[in-house]
Amino acid sequence: STITAALSDLLRREGRTLLVDADLGCANAHILHDVHPEHSFANVIAGERAVSEIVTPCGQGLDLLAGGSGIGRLAELEDYELDLIGRGLARIESDYGFTLVDSAAGLSRQTVTFAAACDRTLLVTTPDVTAMTDAYAFLKVFVRLCALHGERRPLPWLVVNRAASVGEASEVAARLQDVTRKFLGQQLEVLGSLPDDRAVFRCTQRRCSVSAGEPGSDLGRALARLGGELRDR
């Protein structure tokens, strides 16, 4: 969420941007833009609103589709409900230059489905062994889901977050690249790395993204580079 919030604040300067909070049931993207959505995907699933009717403006050039918070039902949607959301997004996506999806962590069907539906996916991990293991597990499930639909999609781009140094980030990336190449037969591309920085805590407390609140911090500058890489590709 920290990375997606920052990227949305960076990309809104380039063109109208839509931020989709796909962490359904535990949504928090609205916090980092200091807005209070009146409606969310919960209203869409309940048949009360269309996707186009739950848009929350977050200032110039940025809109949010809120995921709903504290609603367990949203964490396990049926296929037809996911299709309902997908069709609604398709109707409004052309109104925006960029659409960013802030997905939930883990390997749930919803998480991987949202990831596979995007043009490109960022896989965020940290140097922790458990996080690296989870990242590889996600890649395996992602590849399997795409294969089930007869697709060979490019692997997600890797972002190493909370790195103590560039060297540590490179080591993490190399280990994941090795195992992905060996067992999945594909090359994992690295989009960039982000330093561990208390700016995250300070900006979260102020309900803003790091790009908006502390653009000159180490993390703010790294996020700007990451946004440039993402835009240029």
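The crossing of H1 and H9 is right-handed, meaning that the near helix is turned clockwise from the far one by less than a right angle. This is a predicted model, where local features need pLDDT of at least 70, side-chain atom pairs count only at pLDDT 80 or more, and totals for chains, interfaces and linings use all residues. Residues are numbered from 1 along each chain as its sequence is written, and side-chain values use heavy atoms, with hydrogens and water left out.

H1 is residues 2–11 and H9 is residues 218–232; their axes come within 10 Å and cross at roughly 70°. That makes the two helices roughly perpendicular, a label for angles of 65 to 115 degrees. Helices here are DSSP runs of H or I with at least four residues, strands are E runs of at least two, and both are numbered from the N terminus.

On the H1 side, the contact is made by Ile3, Ala6, Leu7 and Leu10; H9 supplies Leu223, Ala224, Leu226, Gly227 and Leu230. Contact means heavy atoms within 4.5 Å. By class, eight of these residues are nonpolar, one is polar and none is charged; Gly counts as polar.

How many residues of H1 are buried? Nine of the ten are, where buried means under 20% relative accessible area with a 1.4 Å probe, protein chains only. Among them are Thr4, Ser8 and Asp9.

Now the strands. S6, residues 157–163, has six of its seven residues buried, so it is largely enclosed by the rest of the structure. S5, residues 122–125, runs parallel to S6 and is joined to it by four bridges; pairing requires at least two DSSP bridges. Thr125 stands opposite Val160 in S6.

Note on methods
Axes fitted to C-alpha atoms, helices over the stretch in contact; angles between N-to-C directions. Parallel < 35°, antiparallel > 145°, perpendicular 65-115°, else oblique. Buried < 20%, exposed > 50% of the residue type's maximum accessible area, 1.4 Å probe, protein only.
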